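Please look through the sequence and the structure shown here before reading on.

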Amino acid sequence: MAFIWFIYAAWLLLIVYLTVQAIGVKPDTEPHLLQSFGLMFAMIAAFLLPRLPLFAFVNFAPVNPVVSSIGAVLAVAGMALLVWARQILGRNWSQTVSAKQDHELVTSGPYRLLRHPMYTGGLLACIGSAIVVGGPFVFLLVLLGAIFIWRVGAEDRLLARQFPDEFPDYARRTNALIPFVW
């Protein structure tokens, strides 16, 4: 049970961190309210779906302490990557796929290897959390996975338009989401 509480506490801290860090980011060049609602809806759905009898099979926690330890390590590693990538983005970060005022192409830190390390970290954190807690994090992994895959394409197209000279070379020398794979 301690692993489950640890996972929920870690996610709560991550959400608080991301909320505070959103203060003072560069403004978007246009509003994207629908994307924000879509992300919020996915998170709410992930925590409601396991309560339906049809999906009771995903409520498998608690599991073996060794397996829970591995899941917790994966979750923390994913969150650490997400936070590191967020720090490197600085004021260029956005909750939505959108151009920023005075947008810059960031290619340092984890962005040297991956174009979307925050998504990689988020998915890794979801995988680890799903191992420990099951239920809502299984659905969060599925729903955020779909959203993140869509966003990879959308962000790559946006960056290609924003940085027509720099982005093609950057895209060639980096992977989108999974190091050395894709």
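At the start of helix H3, a side-chain oxygen of asparagine 64 reaches to within 2.6 Å of the backbone nitrogen of valine 66. The model in view is a predicted one, and in it H3 takes in residues 65-89. After H3 comes glycine 90, which has a positive phi, near 60°.

Along H3 the buried residues are Ser68, Gly71, Ala72, Ala75, Gly78, Met79, Leu81, Leu82, Ala85, Arg86 and Leu89, and what covers them includes helix H1 (2-21) and helix H4 (117-133).

Helix H4 holds threonine 120, which counts as buried because its relative accessibility is 15%, under the cut-off of 20%. Apart from its neighbours within four places in sequence, threonine 120 is in contact with Leu81, Leu114 and Leu177; Leu81 is one of the buried residues of H3. The side chain of threonine 120 also reaches the backbone oxygen of leucine 177, at 2.4 Å.

On the surface, Leu113, Ile149, Ile178, Phe180, Val181 and Trp182 form a nonpolar patch, and together they have about 680 Å² of accessible area. One of them, tryptophan 182, lies in the segment after helix H6 (167-173), and tryptophan 182 counts as partly exposed because its relative accessibility is 41%.

Technical notes: Residues are numbered from 1 along each chain as its sequence is written. This is a predicted model: local features need pLDDT of at least 70, side-chain atom pairs count only at pLDDT 80 or more; totals for chains, interfaces and linings use all residues. Side-chain values use heavy atoms; hydrogens and water are left out. Helices (H or I, at least four residues) and strands (E, at least two) are DSSP runs, numbered from the N terminus. The expected span of a helix is 1.5 Å times one less than its number of residues. Buried means under 20% relative accessible area, exposed over 50%, partly exposed in between (1.4 Å probe, protein chains only). Contact means heavy atoms within 4.5 Å. A polar contact is a pair of N or O atoms within 3.5 Å; within protein, one must be able to donate a hydrogen and the other to accept it, and residues adjacent in sequence count only if both atoms are side-chain atoms. Patches are made of residues with over 30% relative accessible area and no salt bridge: like charges are joined within 9 Å, nonpolar side chains (Val, Leu, Ile, Met, Phe, Trp, Tyr) within 5 Å. Accessible areas come from the Shrake-Rupley method with a 1.4 Å probe; for residues, only the protein chains shown count as cover. A salt bridge is a side-chain nitrogen of Lys or Arg within 4 Å of a carboxyl oxygen of Asp or Glu.
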